[in-house]
Amino acid sequence: MSLRRSITYCLLSTLITFNQASAWGPDGHHTVGAIAGHLIAGSNAATEVKNILGNISLQDASVWADCSKGIDPSKGYTYQNPGKYPECKIYETPDLETEMSDFVRRNDTNCSPKPSGDACHYEYHYTDIAIQHDHYDPGFVGARNDDIVAAIVAATHVLKGEPAPAPFSFKDKREALLVLAHYVGDIHQPLHVGAIYLNAKGKPVNPDIGIFDPKTSTVGGNDITVKGSSQKLHALWDGIPASLTVSQLNAAIFQQAAAIPVTNGQLLDWPTSWASDTIVKAGQAFSGLKFGKLQNSHWSTTLLATYNNKMDGIKQVQLVKAGAHLAQLLQAIWP
C-alpha cells in the first residue's frame, strides 16, 4: 500500500482533517459504539467492559485507535496537537497520552513483511480486496497478515485471555478492547474493505488475474477525486448523515440493530464474514461510476444525482450492523 495512504490517515499533520483520518469519521465511530453500548446494557458483557475501561464508554473508546495516531514517532513518540480534536480530549491527560504512546511504540514497525511505509498500526484499519470478489480471502491482493480482519481476530484473542498473534502487540484486555471498539466500525465501512483497481485509462481491472501492477491501486478510493469538488471518494464515504449521529439515535435504530442476526460460524471467523459482506457493499458503492484517465496520480469520477441517497442508505445499514456486531462479539466473549 502506498505512502499516500498514510498521508490520508495521518493525524500528525496540521494540514489534514480528522475526518479523513478515520473510517466514518468520529461521528460514525461514536454511533457504532453507542449502539453497541445500548445493546449490551445490563449484560455480563457490559459489566466486563466497565471493569476493563472504567469510566470510558464504548462510544468514547470507539475513537481511541485514531486518537493514537496523534503520537508522533519522529518527536519521541509524544502526542501532538492537544485540543485540536474534541473527540480525543478524554485521552489528553499525561497518563492516557503515555498509554497511547506505548501502544504506538509497540505497533509502529513491528509488521513483517511491511507492505508500505505506513506505520503498522495504521494498516490495522483496512484491507483492499478487489470488488470483483464477493468474499474476503487472505490470499487475495490487498489482504495482509496485519489488515483489519487479522486485527479484529488478534484483539478477540486477547479479550479471551489469549496472546495476540504476530505481528500485533496488544498488551492487555484494556488495549484490545479500545482498538476493537474502533476496528469493528472500520470493517463495516465499504471503502475500508472493498477496493476498485483501475488502469491508466480508468478502466477497472482485477488485480488477482495476471500480474498485479501496484500502479492500479486507488488507495482505498483516496486517489479518486469527485469532479466539481476537491473531495476524495474515500472521504465522502467517511462522513455520515446527521440523522445517524449519536444525538439522533432512537428506538427504531436500536430495534434495527437488535434484529441483526448473530453471525454464523466460529467466533474467530466472524471478521472474515463481516469483511465479505462489506465487499459486496463496496461493489454497490462503485457500481455505475465511470472514471477518467490517470492524471497526477489520481483518477476522477462524476457522481450521479442519486448517488448521495444510495450512499446514505448503505451507510445506515453498515453503521447499524457494526454496532450490532460489536455488541454480539462482546457478548460472545463474555456470555
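Trainee: In this predicted model, is Val219 buried or exposed?

Mentor: The relative accessibility of Val219 is 1%, and the cut-off for a buried residue is under 20%. Because 1% falls under that cut-off, Val219 counts as buried.

Trainee: Where is Val219 found, and what is its phi?

Mentor: Val219 is found in the loop between strand E6 (204-205) and strand E7 (224-226). Although Val219 is not a glycine, its phi is positive, at about 55 degrees.

Trainee: What is the omega of the peptide bond from Ala166 to Pro167?

Mentor: Pro167 is found in the loop between helix H8 (148-159) and helix H9 (173-186). The peptide bond that leads from Ala166 into Pro167 is cis, with omega near 10 degrees.

Trainee: Why does Pro241 count as buried?

Mentor: Pro241 lies in the loop between helix H10 (233-238) and helix H11 (251-258). A residue is called buried when its relative accessible area is under 20%, so Pro241 is buried with its value of 16%.

Trainee: Which residues is Pro241 in contact with, leaving aside its neighbours within four places in sequence?

Mentor: A contact here requires heavy atoms within 4.5 Å. Once the neighbours within four places in sequence are left aside, Pro241 is in contact with Asp312 and Lys315.

Trainee: How far apart in space are Pro241 and His121?

Mentor: In sequence, Pro241 and His121 are separated by 120 residues. In space, taken from C-alpha to C-alpha, the distance between Pro241 and His121 is 28 Å.

Trainee: What is the radius of gyration of the protein, with its 335 residues?

Mentor: The C-alpha trace spans about 55 × 45 × 35 Å along the principal axes of the protein. For 335 residues, a compact globule would have a radius of gyration near 20 Å, and the value for the protein agrees with this, at 19 Å.

Trainee: How many of the contacts in the protein with a separation of 6 or more come from residues 24 or more positions apart?

Mentor: The protein has 13 helices and eight strands, and 56% of its 335 residues count as buried. Among the contacts with a separation of 6 or more, the share that residues 24 or more positions apart account for is 72%.

Conventions
Residues are numbered from 1 along each chain as its sequence is written. This is a predicted model: local features need pLDDT of at least 70, side-chain atom pairs count only at pLDDT 80 or more; totals for chains, interfaces and linings use all residues. Side-chain values use heavy atoms; hydrogens and water are left out. Helices (H or I, at least four residues) and strands (E, at least two) are DSSP runs, numbered from the N terminus. Buried means under 20% relative accessible area, exposed over 50%, partly exposed in between (1.4 Å probe, protein chains only). The radius of gyration is taken over C-alpha atoms; the globule rule is 2.2 Å times the number of residues to the power 0.38.
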